[in-house]
Each structure stands twice: as structure tokens, then as C-alpha cells.
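Biologist: I am new to this structure and would like to learn how to read it. Could we take a few features in turn?

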Amino acid sequence: MTTVDAPRFTVHPSPIGEIVIVTGDAGIVWLQPVHGDLEGELALLARLLHAAPVPEESPAAAEAATQLDEYFEGRRREFDLELDWSLVRGGFAGAALAAVCEIPYGETAGYGEVAIAAGSPRAARAVGTACATTPFSVVVPVHRVVRADGSLGEYGGRPEVKRFLIDLEQGAGE
């Protein structure tokens with residue numbers, strides 16, 4: 001577990017619902033669509049961070065909001081944000097998420113392909129866990145990771161959001 005000094009949060013509207021952006025001294029700690037109750041998510045974050053996030057937009061959150069808007073408008077294909085990876089579980093999870101970041105915009109890769117790229121060819125299930133537990137949705141494009149048969153799979157229990165993001169990227173430029 002990590003402690004973030006004075007974590008701050010803002011909630012940003014998007015086509016996939018409100019997105020919570022939490023920042024600390026080292027950058028963005030959490031960037032996720034709200035799944036249900038905002039107060040419950042903030043309580044979870046307080047436990048993870050050992051400090052309750054306060055409602056205040058930081059410069060890092062403002063930049064993230066701008067880049068998210070550009071992404072949803074089809075004007076941004078890569079994010080350039082300072083991410084604080086301290087909430088990422090274990091060493092392989094970080095390697096898996098780094099490999100996910102290499103999947104090109106508008107393309108997908110299977111869990112097994114990501115495992116190979118992360119250096120552990122037999123760790124497809126661990127890739128799934130890393131994707132499911134990432135603190136950074138959208139900006140770390142876990143939506144681009146699909147099942148071996150090409151079907152989409154889940155996305156935090158919201159496969160329609162995953163479909164929306166993939167369709168957004170594959171339809172960009174048309």
C-alpha cells in the first residue's frame with residue numbers, strides 16, 4: 001500500500017460517464033470511470049491511498065481532462081500524462097500494463113499476445129488481472145486487450161464501454 005500526500009480528485013464528464021481523476025505529488029494516481037456510487041469509490045480510494053482525496057482540481061487533473069476530451073473527440077491517439085504507478089499490483093502487472101500501452105490506437109491484442117510482450121508467455125490470466133485492476137482506464141488502453149477468439153470480454157463489468165472505446169478508435173478518421 002502506498003501513501004499519497006494530499007490526494008486531490010475531480011470528476012470529469014465523458015461519453016462513457018463521469019471519470020474520477022485523482023492526483024498526488026507524483027502525478028495521476030487513479031483515472032477511472034465511476035462504476036456506481038461516487039462516495040463508495042472515494043472511500044475505496046481513501047483506503048488504498050491511506051488518505052481521503054479532497055475535491056480540488058490539480059494542474060495534472062486539468063491536463064488529463066483536456067487530453068480525455070481530445071481523445072473522445074477523435075483528436076488524440078496517445079496520452080502524455082504523468083502517471084503514478086504506485087497502486088499497480090506487483091511487478092508483472094506493471095510489465096503487462098506497459099505492454100498494453102504499446103498496442104497501437106485502433107488495434108487490439110489478445111491476452112496471450114500481451115503476456116508474450118510482457119516477457120511471460122504463459123501469463124495470459126495474469127494479464128487479465130492486471131487489466132481488471134489497473135488504476136488507469138482509457139489512458140492505459142486495457143480496452144484494446146481482447147480474448148484469444150477475438151471477442152471483447154469484460155471491461156469492469158461494462159462491456160458496452162469497451163465496445164464504445166474500440167468503435168471510437170476504429171472509426172476515427174472516417
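Biologist: Which residues does I21 touch, not counting residues up to four places away in sequence?

Modeller: Keep in mind that this is a predicted model. I21 touches R8, F9, T10, H12, I28, W30, L31, A61, A64, A65 and L68. I21 itself is in strand β2, residues 19–24.

Biologist: Is I21 buried or exposed?

Modeller: Buried means under 20% relative accessible area. I21 has a relative accessible area of 0%, so I21 is buried.

Biologist: What is the order of the strands in the open sheet?

Modeller: The order is β3-β2-β1-β4, with mixed pairing among the 4 strands. The edge strands, β3 (27–33) and β4 (54–55), each pair on one side only. Strand β1, residues 8–12, pairs with β4 in the parallel sense over 2 bridges, and R8 stands opposite V54 in β4.

Biologist: Which strands does helix α1 touch?

Modeller: Helix α1 (residues 38–49) packs on the sheet and touches β1, β2 and β3. Its direction makes about 150° with that of β3. Helix α2 (residues 59–72) also packs on the sheet, touching β1, β2 and β3, and the direction of α2 makes about 145° with that of β2.

Biologist: At what angle do the axes of helix α3 and helix α5 cross?

Modeller: Angles of 65 to 115 degrees count as roughly perpendicular. The axes of α3 (residues 90–100) and α5 (residues 124–133) cross at roughly 80° and come within 9 Å, so α3 is roughly perpendicular to α5. The contact is made by F92, A93, A96, L97 and V100 of α3 with A126, V127, A130 and C131 of α5. These residues divide into 9 nonpolar, no polar and no charged.

Definitions and conventions: Residues numbered from 1 in each chain as written. Predicted model: local features only at pLDDT ≥ 70, side-chain atom pairs only at ≥ 80, totals over all residues. Heavy atoms only, no water. Axes fitted to C-alpha atoms, helices over the stretch in contact; angles between N-to-C directions. Parallel < 35°, antiparallel > 145°, perpendicular 65-115°, else oblique. Contact = heavy atoms within 4.5 Å. Nonpolar A, V, L, I, M, F, W, Y, C, P; charged D, E, K, R; others polar. Buried < 20%, exposed > 50% of the residue type's maximum accessible area, 1.4 Å probe, protein only. Pairing = 2+ DSSP bridges.
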